[in-house]
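Okay, everyone, thanks for coming.

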Amino acid sequence: FDPTLAYALRLAVTLGVGTAIYVRVHFASGYWIPMTAFLVLRPGLTDTASRAIARTAGTLAGAILVSFFVAHLTPAPALLAALTVLFAWLSFGSLNVNYALFSVFLTGYIVFLLSVASIPGTLTAERRAVSTMIGGAIALAVRLIVLHHRRKAAR
């Protein structure tokens, strides 16, 4: 079986499952679920697991830190705009350095950006964190299920 085709099929199943979950439960901002699963899934199990852990940990850390900042300091719109630009720049700069750190900055960027648009930052952070955890778990689960079936077939 061609490894590229197998990976493409895993991606299709992962995206289908992620999309079905957020459509079924009517989760606000649920498109982050299949998007995260897509970004986390890699051809190898180790790569998928490390990426899922880094994405989830980084997103949770970013959501907690930025939520605390937005909720307790209530920054002015000009400061939110400046923080949006700063965190976008930090996201871009850390993408190829550390995936967890990138996820922290990306989460901050999204929360600050949507806060500028008067969407509560804490709500955005919570939705993003939950969606990321679900998406990462789906990608990892699909990868583990495929691995289990391969081992079973090999016996």
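So, Ser103 sits in helix α5; helices here (H or I, at least four residues) and strands (E, at least two) are DSSP runs, numbered from the N terminus. Before I go on: this is a predicted model, where local features need pLDDT of at least 70 and side-chain atom pairs count only at pLDDT 80 or more, while totals for chains, interfaces and linings use all residues. Residues are numbered from 1 along each chain as its sequence is written, and side-chain values use heavy atoms, with hydrogens and water left out.

Is Ser103 buried or exposed? Buried, because its relative accessible area is 1%. The cut-offs are under 20% relative accessible area for buried, over 50% for exposed, and partly exposed in between, with a 1.4 Å probe and protein chains only. What does Ser103 touch, leaving aside neighbours within four places in sequence? Ala54, Arg55, Gly58 and Thr59, where contact means heavy atoms within 4.5 Å.

Let's follow that to Thr59, which is in helix α3. Thr59 counts as buried because its relative accessible area is 0%. Setting aside residues within four places in sequence, Thr59 contacts Ser103 and Thr107, and also Arg128, Ala129 and Thr132.

Further along α3 there's Val66. With a relative accessible area of 5%, Val66 is buried too. Not counting residues up to four places away in sequence, Val66 touches Gly108, Val111 and Phe112. For a sense of distance, Val66 and Arg51 are 15 residues apart along the chain, and their C-alpha atoms are separated by 22 Å.

Back to α5 as a whole. Its buried residues are Tyr99, Phe102, Ser103, Val104, Phe105, Leu106, Thr107, Gly108, Ile110, Val111, Phe112 and Ser115. What covers them includes α2 (32–40), α3 (45–73), α4 (77–94) and α6 (121–154).

Now the ends. At the start of α5, a side-chain oxygen of Asn98 comes to within 2.9 Å of the backbone nitrogen of Ala100. Just after α5, Ser118 has a positive phi of about 70 degrees.

The areas are Shrake-Rupley values with a 1.4 Å probe, and for residues only the protein chains shown count as cover. Leu9 belongs to helix α1 (residues 3–25), and Leu9 counts as partly exposed because its relative accessibility is 44%.

Last, the overall view. How many helices and strands are there? 6 helices and 0 strands. The C-alpha atoms fill a box of roughly 60 × 35 × 20 Å along the principal axes. Of the 155 residues, 38% are buried. Among contacts between residues at least 6 apart in sequence, 69% join residues at least 24 apart. And the chain exposes about 8500 Å², with carbon and sulfur atoms supplying 72% of it.

Terms used:
A polar contact is a pair of N or O atoms within 3.5 Å; within protein, one must be able to donate a hydrogen and the other to accept it, and residues adjacent in sequence count only if both atoms are side-chain atoms.
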